[in-house]
Amino acid sequence: MPEPVNWKPSATFEALHARAALNRSIREFFIETNALEVELPILNHAPVADMNIEAIAIPASDVMPKLYLHTSPEYSMKRLLCAGSGDIYALGKVFRAGEAGGRHNPEFTMLEWYRVGMDHQDLMHEVADLLDELFNDSEIELADAPLFLTYQQAVIQYAGLDPFSASDNDIKELGIELAGSDLILNRDGWLDMIMSHKVEKALPKNQLVFIYNYPASQAALAKLNKDDNGQVIAERFEVYLNGLELANGYHELTDSKEQRQRFEKELQGTARPIDEKLLAAMADDEIGLPDCAGVAMGIDRILMLQLGIESIAEVISFSADHC
């Protein structure tokens with residue numbers, strides 16, 4: 001006799017109805033704020049350059065080259081911006097290998113949008129406006145106003161350590177104390193450990209918390225600038241609610257030469273190809289990437305919080321174990 005097959009969905013119908021309402025609210029927000037919804041290719045010729053994110057590869061065949069399921073629509077959206085699209089957003093599935101657990105699924109829903117002429121400070125306030133609407137009638141009654149903290153303020157306040165002036169050894173010692181083991185990590189790796197094991201868990205409940213102005217070494221695709229103290233920082237932010245990271249945004253780097261240097265540094269010694277089409281679009285003499293800010297938001301996590309659900313599988317029709 002064959003083993004019994006679990007064919008049932010992982011999500012409840014309550015969650016499916018809530019997702020439909022959530023998607024509708026998101027689209028209404030962007031209609032009202034004049035952003036164009038765009039559809040992007042799921043298959044890309046180059047994976048994301050972030051080595052902390054593993055793309056799912058589709059092997060080459062007689063009719064197509066090796067391709068990758070996109071981990072974010074970011075590169076395609078930036079090419080649209082370079083072509084003159086103006087403000088745009090995309091709502092759809094993205095894919096990441098090796099991501100599973102209570103808060104992760106290899107296939108999940110992402111909302112990403114870009115505003116021309118905004119910086120990360122402007123975009124944080126728009127993100128707050130959207131999230132305030134999305135949680136207006138949910139299990140969570142949000143505090144009246146979000147909390148805005150610089151990365152430095154957050155780590156000092158909740159971990160008792162200055163991430164800019166502390167020595168590598170002091171940062172490592174705190175990381176080992178929190179993680180319970182001596183891992184092989186660099187300075188940024190230990191800072192990430194401190195953020196996830198100490199800072200995120202200590203953030204106030206039922207309040208949107210925006211952490212911004214990250215160390216320059218954690219810039220990713222964000223512009224670099226100096227803060228009021230002359231410290232070089234990355235113009236990026238993350239937003240949290242009840243211990244969950246919901247979104248990650250940047251004042252986008254627009255310099256194609258600097259972008260190439262960052263790609264080459266990140267991908268050195270790997271087999272990952274650089275996205276030459278993105279770099280060519282950014283280097284275009286007529287337009288290039290306009291001054292803009294962009295943010296990626298995890299929709300499944302928002303749904304989890306809206307419904308008071310602990311497992312991401314319960315808000316996805318068919319999670320990795322059920323699909």
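How many aromatic pairs does the structure hold? The structure holds seven, where rings of Phe, Tyr and Trp (its six-membered ring) pair if their centres lie within 6.5 Å. Planes under 30 degrees apart count as stacked, over 60 as edge-to-face and the rest as tilted.

The model is predicted: local features need pLDDT of at least 70, side-chain atom pairs count only at pLDDT 80 or more, and totals for chains, interfaces and linings use all residues. Residues are numbered from 1 along each chain as its sequence is written, and side-chain values use heavy atoms, without hydrogens and water.

Select Phe30 and Trp113. Their ring centres are 5.0 Å apart and their planes at 65°, so the pair is edge-to-face. Phe30 is in helix α1 (residues 13-32) and Trp113 in strand β6 (residues 107-116), 83 residues apart; helices (H or I, at least four residues) and strands (E, at least two) are DSSP runs, numbered from the N terminus. Both Phe30 and Trp113 are buried (under 20% relative accessible area, 1.4 Å probe, protein chains only).

Next, select Tyr151 and Tyr214. This pair is tilted, at 4.7 Å centre to centre and 50° between the planes. Tyr151 lies in helix α4 (residues 151-159) and Tyr214 in strand β8 (residues 209-215), so the pair ties together parts 63 residues apart in sequence. Tyr151 and Tyr214 are both buried.

Last, select Val127. Leaving aside neighbours within four places in sequence, Val127 is in contact (heavy atoms within 4.5 Å) with Trp113, Phe210, Phe237, Val239, Val295 and Met297.

Conventions:
Buried < 20%, exposed > 50% of the residue type's maximum accessible area, 1.4 Å probe, protein only.
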